[in-house]
Amino acid sequence: MPHNQPLFLARRSYRRRRMMDAVRLLPVFGAALLMLPLLWQPAETPEPDTAHGVVYLFAIWLLLIVAALSLSRGLAPALLAPEEPVRPGTGEDDGAEGEAG
Amino acid sequence: MRGKHIVLIEDEPNIAEAISFILSREGVRVTHSASGAGALALLQTAHPDVLVLDLMLPDRSGLEILAELRAVPALAALPVLMLTARGQHRDREAAERAGASAFLAKPFANADLLAAVRGLARGGA
Amino acid sequence: MPFNILVAVSLLYVVVLFGVAFVAEQRARGGLAGWLRSPLVYTLSLSIYCTAWTFYGAVGYAARSGLEFLTIYLGPTLVFVGWWWVLRKLVRIGRAQRVTSIADLISSRYGKSNFLGVVVTLMAVLAATPYIALQLQSVTLSFAVFASDTPEGWALPDQGATALWLAAGLTLFTILFGTRNLDANERHHGIVMAIAVEAVVKLVALLAVGIFVVWGVAGGVSDILARIDASPIADWNLKPGRWAGLTFVSAAAILTLPRMFQVMVVENADERHVATASWAFPLYLMLMSLFVVPIAVVGLDIMPAGSNPDLFVLTIPLSAGAGKLALLAFLGGFSSATSMVIVAAIALATMVSNHIVTPLWLALRVGSARAPGDVRGIVLMSRRLSIGAVLALGYTYYHLSGGSAALAAIGLISFVGAAQVLPAMLGGIYWRGATHVGAAIGLITGFAIWLYCLFLPSFGSGGLISAGVMAEGPFGIGWLRPQALFGITGLDPLLHALFWSMLLNTSTFLIGSLASFPGPMERLQGVAFVNIFDQSSGPGGWTRSAAEAEDLLSMSQRILGAEEAQRFFQAQAAAQGKLGFLPDPTPDFVARLERQLAGSVGAATAHAMIAQLSGGATVSVQDLIAVAGEAQQIKEYSAQLEAKSDELARTARALREANDKLTELSVQKDAFLSQISHELRTPMTSIRAFSEILMEADLPDEMRTKYAGIIHDETRRLTRLLDDLLDLSVLENRRVQLNIGVANLHDLLSKAVTAASNTRPDRAFVVQRDAASEHMPVFTDTDRLLQVFINIVSNARKYCDAERAVLRVEVKKRGRNVEIDFIDNGSGIPKKSQALIFEKFARLTDTSHAGGAGLGLAICREIMANLGGSIDYLPGQGGAAFRVRLPLKRAS
């Protein structure tokens, strides 16, 4: 992290920061959930449950996709626009638009 | 002036022709060179009575040639008439400093040219 | 299904792909790239991850090892949903440093070391060759399926021939659309578009077969789930090590496979596309995997025992009589194979050409950067040959291995090989302490272990490694057995190789980096890569460049092409506040130029070429301190200061230039006054002398006529001079009356060449022209334009000092302008005079016999300004070169 980032960010920039945290955590959670089969011995279960395994893995997969979709929508503009600090007078809800340029 | 020998160094062919015509009508023998290269050698073999020298030559300046020939003992006293088409005061001074005996600005009256050459030929010989 | 129809459909499909690529190329060239650069196309192009190995092999994999096949897609899914960590940084670095390949990334990061580039290139070629062979095999096999199924019972055509035709066709396609332009950053629109279409075809095909199987053959979702539990797949043996290991390998491979790097980083048009791909690509992978298990289960159920599960995607529809569906599935498999091969060939060819062929070629020619010759042509040719060579290698491998079963396992083996680049890559972008020595040791170690423990044994015992060595170890050293290093036996061979290669690779990389000391260039690049988000542009690294801008321009022209290089130099000069084509060789400019060149020939080569011209200048410790100091400054403050000082420097430079020009002009003006006096007095002298002669004497008639003739000629000479002066004065005041008409440019040039032949008619003079490019109408004052042309051609006749003078005329349409270049083969105009030749009375040599009074080019410049165009001196062309630029339609 560079030292020169503003201390207080506008509301939208603050949200964006938290989304960055979320997108960083997403693969960690994903990996944990997808490693569940390590604890699972399908060949030794009394009832065959491979079908459940299939459903579980695809459900997690879909979950990750949906999460990535919602996060990427919020973060794509951040790739180009710098963060704006709180400007005096504009309060929390500063209406600066059109920064995706 | 009859029997005198004059060397003319001038790059413009038409001007050279005019000068040759004017002088040879008076019985002067004229040797013409269109460039400054080899001028010194020409002068040493030709032994002219007067040198008529253009100031602006294509390969080297007339002033350079003048300075060089003044350094040669045999030619140090040769009367030189300097011609220039620029006619500025500076040029006249520069020519005199370099050792020109007389100076004539182009365009000149034919009579002035004759008078200048005559004067130099008389004084020099 | 008759075999001919299959062949016909495949050929038709190929023609359509050619068409798509061609149209995309055309649109991109016409500036209509718009939707070609959409995030959707980017995501679809990533689908080359799903090769024929996925399309056919995943079902076979599932039939043999249950759900384990999913790991191959879950790894990349994690990498993509975690795009903020690695992908975003990779793409940003790739764009900022104009990286051309994964080998270039590694080479560039570790001090532009070509050695590392060569290592990575060799590894990549070795790992990818069997994989390409696998694709050829899959297409050949799928042809065979249709052949064996024919009721007519015709004999199977020679499989080798099928593979050979396929390889040849792919080579042609790749060369056609993959080597059109050199700069890797000018993307391959045609190929990317064709791949996107293929991506759709293979997804639709696999989904169609899946839907057919679930709702056509089986009785819907619940029936399928029940069938799964009832099938032999339900007893699959989940090996935790393989589950985690394969997820890791596939996650690593998607970052390091050369072909993935090509589409993901090199072809990336916009960083925001990565954000879209972060969910869309996992979605694609999920859809591709969705029906794999159902197809495998149903295949095992209904197909006769012993049939190859790798071909269920084709054989199930065929056995169920759904010929059209089978055909679609065939096209899907064909798409998967071909798209992978095309991109892999481009990526590998770029690496081979940039890191092996071009440096070799440059090394073999001493002083090469200055030597004449078209580097661009060499690089393009070497790229084409490399594409051919890569495909030839793949075909040879296929041919030699005879389509053996060994190929089936090659997908994962290739992944493990590609993954060896991971430590050097991640270390390079996250750790400034990673060094060239560490990277080299790590890469070579990992690569050697992979080769010894996995790649060579994959040819089977008694193949490349003898059965004795496999069982006893080399020279009987037991702890060196390829599949039981250090005496640990009983491991899965793949995991064994993965564990040891990655562990030793990473640890030697770390130890090597910690123990060695990076060079200055390496540290600069380290900062540029690791702190990519903290800086708008990477550090330069060129100080006090000794290179002449003109030398740099003539070198760049040979790499980027003349137009591109001239445009770049002109823009850079403008940014410095200068006119013309030659910016000052400031460190900033040279660094920018190097990055531009790196986009074409790779970082190491570009650096070496510039170093040659800059007198081998290297980065000093002071430069490093400067970079470190900069990083600590408050960014905004320094940015402001920088902007201000940049502006000051620009203004100062402009002022200095103006002042120099004024001084030069004042000297010129004095010289001119003398000159004009001389030019006027000389004819007047003859006129006066001869008119006096005519007045007084009684001359013979013939002399009288001759002297009158001289007077006449000299008067005309005077008039001409006065005309020129007046013309110039009118043109300069823009009060000139233009006669706008239309003429064929070709005719005008011909007229000019003819008219100019009066100048020094004695001299042999060749004019090279290209009539085809010249035919175009120009709407302008044609007499004035002709005057300019005549002047330029006459000047060339007068001043070109080559033994055999040649003048080349080149006409190019550029936007709304036409540019006519006149280039001769003489010694050109010295740099210090280039700015002056268009000034009045600036005759460079003092030979008054050259003709006019030195007004020609000044008049030309004024005419072109009046016509709305320009005339410029074009430096760095070998001889004197003038560029006339004219608007095609005169703006009113």
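## The sheet of chain B

Two strands count as paired if DSSP finds at least two bridges between them; strands (E, at least two residues) and helices (H or I, at least four) are DSSP runs numbered from the N terminus. With that in hand, chain B of this predicted model shows an open sheet of 5 strands, in the order β2-β1-β3-β4-β5 and with parallel pairing. At its edges stand β2 (29-33) and β5 (102-105) of chain B, each with a single partner strand, so one side of each has no neighbour in the sheet.

On average, neighbouring strands are turned by 20 degrees against each other, direction ignored. One of the pairings joins β3 (residues 50-54) and β4 (residues 80-84) of chain B over 4 bridges, in the parallel sense. There, B:Leu51 stands opposite B:Val80 of β4(B).

## Helices on the sheet

Contact here means C-beta atoms, placed from the backbone, within 7 Å. Angles run from 0 to 180 degrees between N-to-C directions, with axes as lines fitted to C-alpha atoms, for helices over the stretch in contact.

Helix α1(B) packs on the sheet and touches β1 (5-9), β2 and β3 of chain B; its direction makes about 165 degrees with that of β2(B). Helix α3 (residues 62-71) of chain B touches β3 and β4 of chain B, at about 150 degrees to the direction of β3(B).

## Where chains B and C meet

The contact takes 16 residues from chain B and 19 residues from chain C. On the chain B side, the largest share, 5 residues, comes from helix α1 (residues 13-24).

By class, that side has 9 nonpolar, 4 polar and 3 charged residues. Nonpolar covers Ala, Val, Leu, Ile, Met, Phe, Trp, Tyr, Cys and Pro, charged covers Asp, Glu, Lys and Arg, and the others, Gly among them, are polar.

## Conventions

Residues are numbered from 1 along each chain as its sequence is written, while chains are lettered from A and ligands numbered from 1 in the order in which they are written. In this predicted model, local features need pLDDT of at least 70 and side-chain atom pairs count only at pLDDT 80 or more, whereas totals for chains, interfaces and linings use all residues.

Definitions and conventions. Two residues are in contact if their C-beta atoms, placed from the backbone, lie within 7 Å.
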